[in-house]
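Dear colleague,

Please find the structure below, handed over for your records. My notes on what was found in it follow directly after.

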Amino acid sequence: MNWGSMSRDERDAAYNNTNAVKNSAELNSAREAKSAAFRKAHPQHLDIPYGPRERNKWDLFPARDANAPCLVFIHGGYWQRNSREMFANLIEGPVARGWAAALPGYTLAPDATLTEIVAEINQALDWLSANGARHGIAGKVVLSGWSAGGHLTAMCLGHARVSAGLAISGVFELGPIRDTYLNEKLRLSDEEIATLSPLRLPMVRKPLAITYGTAELPPLVGDSRKLHEVRAAQHLPGPLIPVAGADHFTITHELRDRDGILTKQLMLLA
């Protein structure tokens, strides 16, 4: 892609997953319905505040064994859409294998800057460190997220409570985002692009599995491959996992399903 020679419409299309996946609305609707059912079946530890803002809340799903590994999953939506409640069913695969799981919410742009969003995820992890055991979550934490959540996974991998990460279809270089419709709400500053682009930062020396669908848009494929390339050059642990035929939405099924590729990979990260 020659970004400099592309029109604004072409740049917008390069990051527009909704338009690129024609049945995205149906896929999202099905996920949201199943997530509501999952939360209804596991209501004991929902909507637990970790901070002062409306979306600063956890949904926690402890395992029978308090020392079981815990998947912390960060939702996507380009930092400006969606909520944790819409993604609860994506943890079904790990939960079926005996893991605990937890989903943090965060304030969306433009009500929060990206700097503030990253700080909120770290604040949520601070809360989990201090209070998780009281809710039956005391085991290792593997941090994961999809799309914007993949970016936040890479940004917060260094938190002391996190032992490893699984970044799904993430954005790891923010520079091009400023030239698209996404920046209308993000309003990225030069400093944020420099300090919140994982590809521009020192690599965290913890295991990080990086995955993308082979049917995804080129910038998302490229960011994932580049982040793994940089980490591999420094001999840092974690595989690159191209999921054959998956698009930006169907790749999440590999975490949702008990025998999904990403569920199986998660088992190796604990």
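**Strand β7 and its partners**

Strand β6 (residues 162-168) and β7 run parallel and are joined by four bridges. Please bear in mind throughout that this is a predicted model. Within this pairing, Gly165 stands opposite Leu208 in β7. A parallel pairing, again over four bridges, connects β7 with strand β8 (residues 240-243). Here Thr211 lies opposite Ile241 in β8. Between β7 and β8 the chain passes through helix α9 (residues 218-233), and this β-α-β crossover is right-handed. Helix α9 lies across β7 and β8, and runs at about 155° to β7.

Val204 belongs to the loop between α8 (190-195) and β7 (208-213). Val204 is partly exposed, because its relative accessible area is 24%, and the cut-off for buried is under 20%. Apart from neighbours within four places in sequence, Val204 is in contact with Leu157, Gly158, Arg231 and Leu236. The C-alpha atoms of Val204 and Pro237 are separated by 9.9 Å, the two residues being 33 apart along the chain.

**The sheet as a whole**

β7 belongs to an open sheet of eight strands in the order β1-β2-β4-β3-β5-β6-β7-β8, with mixed pairing. The edges are taken by β1 (48-49) and β8; each has a single partner strand, so one side of each is left without a neighbour in the sheet. Strand β2 (residues 57-61) pairs with strand β4 (residues 100-104) in the antiparallel sense over four bridges. In that pairing, Asp59 stands opposite Leu103 in β4. Helix α5 (residues 114-131) packs on the sheet and touches β1, β2, β3 (70-74), β4, β5 (141-146) and β6. The direction of α5 makes about 50° with that of β2.

**Aromatic residues**

The count of aromatic pairs comes to six. One of these is formed by Phe87 and Trp146, whose rings are tilted, at 5.6 Å centre to centre and 40° between the planes. This pair links distant parts of the chain: Phe87 is in the loop between β3 and α4 (92-96), whereas Trp146 is in strand β5, 59 residues apart. Both Phe87 and Trp146 are buried. Ring pairs also link Phe73, Phe87, Trp146 and Phe249 into a cluster.

**Helix α3**

Ser24 is located in helix α3 (residues 24-41). Is Ser24 buried or exposed? Ser24 is buried, because its relative accessible area is 4%, which falls within the cut-off of under 20%. Setting aside neighbours within four places in sequence, Ser24 is in contact with Thr18 and Phe249. Phe249 is also one of the residues in the aromatic cluster described above.

Yours sincerely

Notes: Residues numbered from 1 in each chain as written. Predicted model: local features only at pLDDT ≥ 70, side-chain atom pairs only at ≥ 80, totals over all residues. Heavy atoms only, no water. Helix = DSSP H or I, 4+ residues; strand = E, 2+ residues; numbered from the N terminus. Buried < 20%, exposed > 50% of the residue type's maximum accessible area, 1.4 Å probe, protein only. Contact = heavy atoms within 4.5 Å. Pairing = 2+ DSSP bridges. Right-handed = clockwise from strand over helix to strand, strands pointing away. Axes fitted to C-alpha atoms, helices over the stretch in contact; angles between N-to-C directions. Phe/Tyr/Trp six-rings, centres within 6.5 Å; stacked < 30°, edge-to-face > 60°.
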